[in-house]
Amino acid sequence: MAAAAKKPVTPIPLYGVTICEAVASGDLARMKEVARQAEEHIHEWGNVPAALEARKLEISKQQKKPYARS
C-alpha cells in the first residue's frame, strides 16, 4: 500500500506579519497552522527574544559599554 503523498512543507518566517496576516485572513485552518508552527519553533528554539537580550547584555559587558534595552 503506497503512502499518502504529502504536500511539501515550505518554511514560513514566523514574524508578526505572518501571524497577523493569518488572523486577518479569517481562515481558521491557516490560523491553526501558523499557531502550530509558532509552537514548534518555540519548542525547538525557546524564547528567542530573551536569548537575544541576554546576548546583547553579554556583548555590552565585553565591550565595556552600557547596555540599552531595545
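Student: How do H1 and H2 run, roughly parallel or roughly antiparallel to each other?

Tutor: H1 and H2 are roughly antiparallel. That label needs an angle over 145 degrees, while under 35 counts as roughly parallel, 65 to 115 as roughly perpendicular and the rest as oblique. Before going on: this is a predicted model, where local features need pLDDT of at least 70, side-chain atom pairs count only at pLDDT 80 or more, and totals for chains, interfaces and linings use all residues. Residues are numbered from 1 along each chain as its sequence is written, and side-chain values use heavy atoms, with hydrogens and water left out.

Student: At what angle do the axes of H1 and H2 cross?

Tutor: Roughly 155 degrees, and the axes come within 8 Å. Axes are lines fitted to C-alpha atoms over the stretch in contact, with angles from 0 to 180 degrees between N-to-C directions.

Student: Which residues in H1 and H2 meet?

Tutor: From H1, Thr18, Ile19, Glu21, Ala22, Val23 and Ser25; from H2, Arg30, Met31 and Val34. Contact means heavy atoms within 4.5 Å. The residues of this contact divide into five nonpolar, two polar and two charged.

Student: New topic. How many helices and strands does the protein chain have?

Tutor: Three helices and zero strands. Helices are DSSP runs of H or I with at least four residues, strands are E runs of at least two, and numbering starts at the N terminus.

Student: And Ala38, buried or exposed?

Tutor: Ala38 is buried, at 18% relative accessible area. Buried means under 20%, exposed over 50%, partly exposed in between, using a 1.4 Å probe and protein chains only. Ala38 lies in H2, residues 28–45.

Student: What percentage of the protein chain counts as buried?

Tutor: 10% of its 70 residues.

Methods:
Nonpolar A, V, L, I, M, F, W, Y, C, P; charged D, E, K, R; others polar.
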